[in-house]
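Biologist: I am new to this structure. Could you show me how to read it, step by step?

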Amino acid sequence: MVAALQKKISESATARWIVLALVAFTMLCGYFITDVMAPLKPMLEQQMGWSSSDYGFFTSAYGWFNVFLLMLIFGGMILDKMGVRFTGLMSTVIMVIGVGIKYWAIASDFGGASVTIFGSVISSQVLWAAIGYAIFGVGIEIAGITVSKIIVKWFKGKELALAMGLEMACARIGTALALSITPLLAEEFGSVSMPILLGLLLLCIGMISFVVFVVMDTKRDRELKDSAELEEPFRFRDIFEIVRIKGFWYIAILCVLFYSAVFPFLKYAPDLMFNKFGISEKLSGIIPALLPFGTILLTPFFGNLYDRRGKGATIMLVGSFMIVAVHLLFAVPAFTNWLLALVLIITLGIAFSLVPSAMWPSVPKIIPENKLGTAYALIFWIQNWGLMGVPYLIGKVLDNYCVVDNATTVAEEITGVVAPETVTRVAYDYTVPMLIFAGLGVLSILFAFLLLRENKKMGYGLQQPNIRK
Ligand SMILES: C[C@H](NC(=O)[C@@H](N)CCCCN)C(=O)O
């Protein structure tokens, strides 16, 4: 291995896969933090007095600065101007700062203090936790576009989709761990903030991993100094050129719709398991965690298929159909058997492997490489509207339309875990939220069709294999 690295890093397959492992690990740490609060929703409600709207407000904070302060757009410009090393390091520092604030907010006692924002009263704890999460959201999103560009840089013309699939798979291990172990940790330590502290420590290790990548990437660029393989610099008019491309819009809108039906769903999935399927709070994250666990194997598998066989647009279409079916079945009030929940989550995992494995490696087929950082940033920016808006909407819908009358006993009646008189939280009927998620899936199908049609017209090659023989 050392010999391979000493030869020529730019030509070494070993070096390329090590780079992938390093940056994918950084993303794993980031994704852990992204979802660490999801299984804690019931505990936040019981122990800290949060409502579903508070939780929706906090969760939506992920996109605030990215969307309204255009942080992602600036991040993309910085990426294309300053390169992957600077931008990646910058984004990991931002993540650490954000998680630090979030940890402080959850671990502190604000003595019931609150503030009024745009006429709504918000508890100071919720607000500070949300601000920390909003800062973290900037970091993880910029890290996401940076890592996509790193993979294109190192894997173009090689195993591009497989590499992207493996990176996503690794990141999803972070999500899966967050969903499955967080409630256990919180219970073990008797503290809701403990899992966040663990995430913070993990993120610091992820930062070190990125520093090692920086060393390798610097070496590669030195080797290629005089060759044509170095990137062209970013020009401001690139943005206008990108937004004139119809295929860009189709893929970006498909992205926001599809991802809004998955990531925000995951934020509520443990609560859905508790309320609809009667799974205890402590174990409510286990079934949702199977979704990311399933994608760990399947995303690289489908990525490899796309690399070798093509059919990228078809893959995205099939995944969109599947997500509609899953959310519709989740919406049926009579279906409350946990085995069905298990099957549906596994099916969702397949859909969530199909679409991303084809979507992200398709972007370089539509957008030239020197504009890729900006293009990924624009797509993530559009996607962040959904990642911000949908959880907020679901929180509001739950509080306003889905509280079940005399509901405090419903879940416990099913599980028999807690005596009804000791229960202090409300229960929710998830039918309407699940119909909202299904509606997003229906729109995804439409845009996947439009993309397929545009591909035929423009010859992007989305149905062609990525590996050049
Ligand atoms: C690669 C892609 N990443 C994203 O879509 C990010 N903008 C969102 C990350 C949210 C983390 N829970 C993906 O993960 O498929």
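Modeller: The model is predicted. In it, 13 residues surround the ligand, and the closest are Thr-34, Gly-144, Met-168, Pro-356 and Phe-380. The elements that each give two or more residues to this shell are α2 (13–35), α7 (124–155), α8 (160–189), α15 (338–366) and α16 (372–401).

Biologist: Which element gives the largest share of the shell around the ligand?

Modeller: That is α2, with 3 residues.

Biologist: How do the residues of the shell divide into nonpolar, polar and charged?

Modeller: Sort them by class. The shell around the ligand holds 8 nonpolar residues, 3 polar ones and 2 charged ones.

**The whole chain**

Biologist: Let us step back. How many helices and strands does the chain have?

Modeller: Its secondary structure comes to 18 helices and 2 strands.

Biologist: What does the radius of gyration tell me about the chain?

Modeller: Compare it with a compact globule. For 469 residues, such a globule would have a radius of gyration near 23 Å. The chain has 22 Å, so the two agree. For the outline, take the principal axes: the C-alpha atoms fill a box of roughly 75 × 45 × 45 Å.

**Helix against helix**

Biologist: Now the packing. At what angle do α2 and α7 pack?

Modeller: Read the angle and the axis distance together. α2 and α7 pack at about 160°, with their axes 10 Å apart. An angle over 145 degrees counts as roughly antiparallel, so α2 is roughly antiparallel to α7. Their crossing is left-handed.

Biologist: Which residues make that contact?

Modeller: From α2, they include Arg-16, Val-19, Leu-20 and Thr-34. From α7, they include Phe-136, Ile-140, Trp-154 and Phe-155. By class, the contact of α2 with α7 has 13 nonpolar residues, 3 polar and 1 charged.

Biologist: How do α8 and α15 cross?

Modeller: Their axes come within 9 Å and cross at roughly 125°. α8 and α15 are therefore oblique to each other. This crossing is right-handed. On the α8 side, the contact is made by Leu-160, Ala-161, Met-164, Gly-165 and Met-168. On the α15 side, Pro-356, Ser-357, Trp-360 and Pro-361 take part. The contact of α8 with α15 has 7 nonpolar residues, 2 polar and no charged.

Biologist: Where do the axes of α11 and α15 come, and how do they cross?

Modeller: α11 covers residues 246–260. Its axis comes within 11 Å of that of α15, and the two cross at roughly 155°. That makes α11 roughly antiparallel to α15. α11 passes α15 in a left-handed crossing.

Biologist: Which residues of α11 and α15 meet there?

Modeller: Gly-247, Phe-248, Ile-251, Cys-255 and Phe-258 come from α11. They meet Val-355, Met-359, Ser-362, Val-363 and Ile-366 of α15. The contact of α11 with α15 divides into 8 nonpolar residues, 2 polar and no charged.

Note on methods: Residues numbered from 1 in each chain as written. Predicted model: local features only at pLDDT ≥ 70, side-chain atom pairs only at ≥ 80, totals over all residues. Near = placed C-beta within 6 Å. Helix = DSSP H or I, 4+ residues; strand = E, 2+ residues; numbered from the N terminus. Nonpolar A, V, L, I, M, F, W, Y, C, P; charged D, E, K, R; others polar. Axes fitted to C-alpha atoms, helices over the stretch in contact; angles between N-to-C directions. Parallel < 35°, antiparallel > 145°, perpendicular 65-115°, else oblique. Left-handed = near helix turned anticlockwise from the far one by under 90°. Contact = placed C-beta atoms within 7 Å. Rg over C-alpha atoms; globule rule 2.2 N^0.38 Å.
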